[in-house]
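Q: Could we go through this structure together, beginning with the terms and then moving to the details?

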Amino acid sequence: MGLNIESILADWQRQPAEQRPHEPIVVVLGKGRVEQDARPLLRRAGMDTSPLNHPERKLVFDSEDQKYRFILVKSDDVIKYLDRGIGDIGIVGSDVIAEQPNQHHDVLDLQTGRAKFVVAGLADFDDDGQRKKIATKYPKTAQRYFNARGEDVELIKLAGSVELGPLTGLSDAIVDITQSGRTLAENHLQILADVGPVSTHMLVTNGAFLKFQDEITRMITALTQLLAEGETHADY
């Protein structure tokens, strides 16, 4: 006799909670610096991140206590995984969040990976009021900035090194992320204006709040306390 979803759910609800199979909280992290910088903070908040210490070529890791499952993906893909129900928590930069449609709860700025969006150009940049060409990997962020200033610009979305825009004449200036400004200086560009801060954030799905309310609330409380005490890790 086949089973239907109603009978499975009824059996599940009749089973005592302590006897039900444990379901891990799935954490989707942007691999690279996002994961590396956020991991010590998550560990201090009580999350067993030890499986991530030696990732080798693996991309999916279960904590020893089976409470968490970690998935490492490209930062641009974190929200896509959450959107499709593959993940409960997302750890990703606010630059990614700003560029993608996002229906999840942005619960916490982890204050790691800190940088900033800037407008940059050559030293002879002439703000003569004429319509400018702006090269960027972040068109939505750039558009919001210039719209707020009442400036009409032509945006050129690039996937590679946007610094080449002003150097080759493709654009008058760029909107990009910088930490120290060193890469801009090495390409003879200077910061013309600050657009806004960038840092790593924690996203939580609606479903995760329903399934793991106690644990996620505890985690957010612990992280909030650590951040208030200045317990952040290295910036970019």
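A: To begin with a term: a residue is buried if its relative accessible area is under 20%, exposed if over 50%, and partly exposed in between, using a 1.4 Å probe and protein chains only. At 5% relative accessibility, phenylalanine 146 counts as buried.

Q: What kind of model is this, and how are residues numbered?
A: The model is predicted: local features need pLDDT of at least 70, side-chain atom pairs count only at pLDDT 80 or more, and totals for chains, interfaces and linings use all residues. Residues are numbered from 1 along each chain as its sequence is written, and side-chain values use heavy atoms, with hydrogens and water left out.

Q: How many helices and strands are in the chain?
A: There are 9 helices and 11 strands. Both are DSSP runs numbered from the N terminus, helices being H or I with at least four residues and strands E with at least two.

Q: What percentage of the residues is buried?
A: Of the 236 residues in the chain, 42% are buried.

Q: Which residues of helix 5 are buried?
A: In helix 5, residues 139–148, they are Thr141, Ala142, Tyr145 and Phe146. Seen down the helix axis, these buried residues fall within an arc of 120 degrees, so they line one face of helix 5. The arc is taken from the directions from the helix axis to the C-beta atoms.

Q: Why would residues three or four places apart point the same way?
A: An α-helix has 3.6 residues a turn, so residues at that spacing point the same way.

Q: What do the buried residues of helix 5 pack against?
A: They pack against helix 4 (94–99), strand 6 (115–122), strand 7 (132–136), strand 8 (153–157), strand 9 (173–178) and strand 10 (189–198). A contact here means heavy atoms within 4.5 Å.

Q: What comes just after helix 5?
A: Glycine 150 is found there, with a positive phi of about 70 degrees.

Q: How many aromatic pairs does the structure hold?
A: It holds 3 aromatic pairs. Rings of Phe, Tyr and Trp (its six-membered ring) pair if their centres lie within 6.5 Å; planes under 30 degrees apart count as stacked, over 60 as edge-to-face and the rest as tilted. One of the pairs is edge-to-face and joins phenylalanine 117 and tyrosine 138, at 5.1 Å centre to centre with 75 degrees between the planes. Phenylalanine 117 lies in strand 6 and tyrosine 138 in the loop between strand 7 and helix 5, so this pair ties together parts that are 21 residues apart in sequence.

Q: Are those two residues buried or exposed?
A: Both phenylalanine 117 and tyrosine 138 are buried. As for tyrosine 145 and phenylalanine 146, their ring centres are 5.0 Å apart and their planes stand at 75 degrees, so that pair is edge-to-face. Tyrosine 145 is buried, with a relative accessible area of 14%.

Q: In what sense do strand 7 and strand 8 pair?
A: They pair in the parallel sense, over 5 bridges. Lysine 132 has valine 153 in strand 8 as its bridge partner. The charged end of lysine 132 also sits over the ring of phenylalanine 125, 5.4 Å from its centre. That term requires NZ of Lys or CZ of Arg within 6 Å of the ring centre and within 35 degrees of the ring normal.

Q: What is the order in the sheet of 6 strands?
A: This open sheet has the order 2-3-1-4-11-5, and its pairing is mixed. Its edge strands are strand 2 (60–62) and strand 5 (105–109), each pairing on one side only.

Q: How many residues of strand 4 are buried?
A: Strand 4 is mostly covered, with 5 of its 5 residues buried. Ile89, Ile91 and Gly93 point one way, and Gly90 and Val92 the other way.

Conventions: Pairing = 2+ DSSP bridges.
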